[in-house]
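Please open the structure in your viewer and have the selection tool ready.

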Amino acid sequence: MRVLLIEDDRQTADYLLKALAETGAVTDHVADGRAGLLQAASGDYDALIVDRMLPGLDGVGIVRTLRASGNLTPVLFLSALGEVDDRVEGLRAGGDDYLVKPFAFSELHARLEVLLRRGKADNPETRLRVADLEMDLLKREVTRAGREIQLQPREFRLLEYLVRHAGQVVTRTMLLEQVWDYHFDPQTNVIDVHISRLRGKIDKDFDPPLLQTVRGVGYMIRGA
């Protein structure tokens with residue numbers, strides 16, 4: 001975890017720097033609001049801890065400016081201003097959470113972990129890869145060994161599900177429910193037909209084959 005701490009109180013900053021280091025986090029510290037804004041905008045951080053009252057530019061101003069520029073790094077406000085109106089102002093400015101001083105580090109750390117989990121959920125993967133096979137989920141493009149592979153929409157959805165479960169056996173029931181939206185077995189060979197077509201596209205003329213049949217169970221994409 002890489003964190004930027006924008007806090008002008010030296011005692012609080014020293015305490016947090018030491019405590020965060022003990023958790024394995026890498027933390028940069030800035031004591032001035034304007035310098036903190038520049039650092040936050042230019043650095044690649046997993047989370048920001050921002051004091052409300054800072055010299056140069058207050059915490060609310062920092063977060064409003066970041067959000068206006070499209071920076072969505074999770075922000076935990078840290079402040080002695082604990083009235084409801086203060087918390088509401090911080091959250092409406094774009095803060096993700098608000099912790100009032102004095103605080104327990106265990107709570108601060110737990111709140112950071114929640115923000116990081118939420119951030120990952122809000123930013124889903126857009127590219128998937130197994131061995132030399134790559135899927136661009138935004139462009140709906142598939143390549144293997146740098147060569148583009150043309151897939152029909154259902155074939156793309158089938159491959160995406162298999163790749164997301166690479167190394168795991170995927171049963172016919174799972175494919176029917178997740179790829180075809182069938183919650184029953186229609187007793188057709190639709191899966192076999194699509195698997196055969198997909199294998200012909202992603203494995204033909206390539207080595208080693210990635211798409212494997214697990215007899216009596218289902219299918220699996222194996223990258224190694």
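**Salt bridges, stop by stop**

Select glutamate 155 and lysine 201 to begin, whose side chains meet in a salt bridge at 2.8 Å, N to O, the term standing for a side-chain nitrogen of Lys or Arg within 4 Å of a carboxyl oxygen of Asp or Glu. Because glutamate 155 lies in helix α6 (residues 153-164) and lysine 201 in helix α8 (residues 190-202), the pair ties together parts that are 46 residues apart in sequence; helices here are DSSP runs (H or I, at least four residues), numbered from the N terminus. Glutamate 155 is buried at 3% relative accessible area, whereas lysine 201 is partly exposed at 29%, where buried means under 20%, exposed over 50% and partly exposed in between (1.4 Å probe, protein chains only).

This is a predicted model, in which local features need pLDDT of at least 70 and side-chain atom pairs count only at pLDDT 80 or more, while totals for chains, interfaces and linings use all residues. Residues are numbered from 1 along each chain as its sequence is written, and side-chain values use heavy atoms, with hydrogens and water left out.

Next, select arginine 157 and aspartate 181, which form a salt bridge at 3.2 Å, N to O. Arginine 157 lies in helix α6 and aspartate 181 in the loop between α7 (172-178) and α8, so this pair links parts that are 24 residues apart in sequence.

Then select Arg127, Arg129, Glu134 and Asp136, which salt bridges with shared partners join into one network.

Finish with glutamate 22 and lysine 18, a salt bridge whose closest N and O atoms are 2.8 Å apart.

Notes: Helix = DSSP H or I, 4+ residues; strand = E, 2+ residues; numbered from the N terminus.
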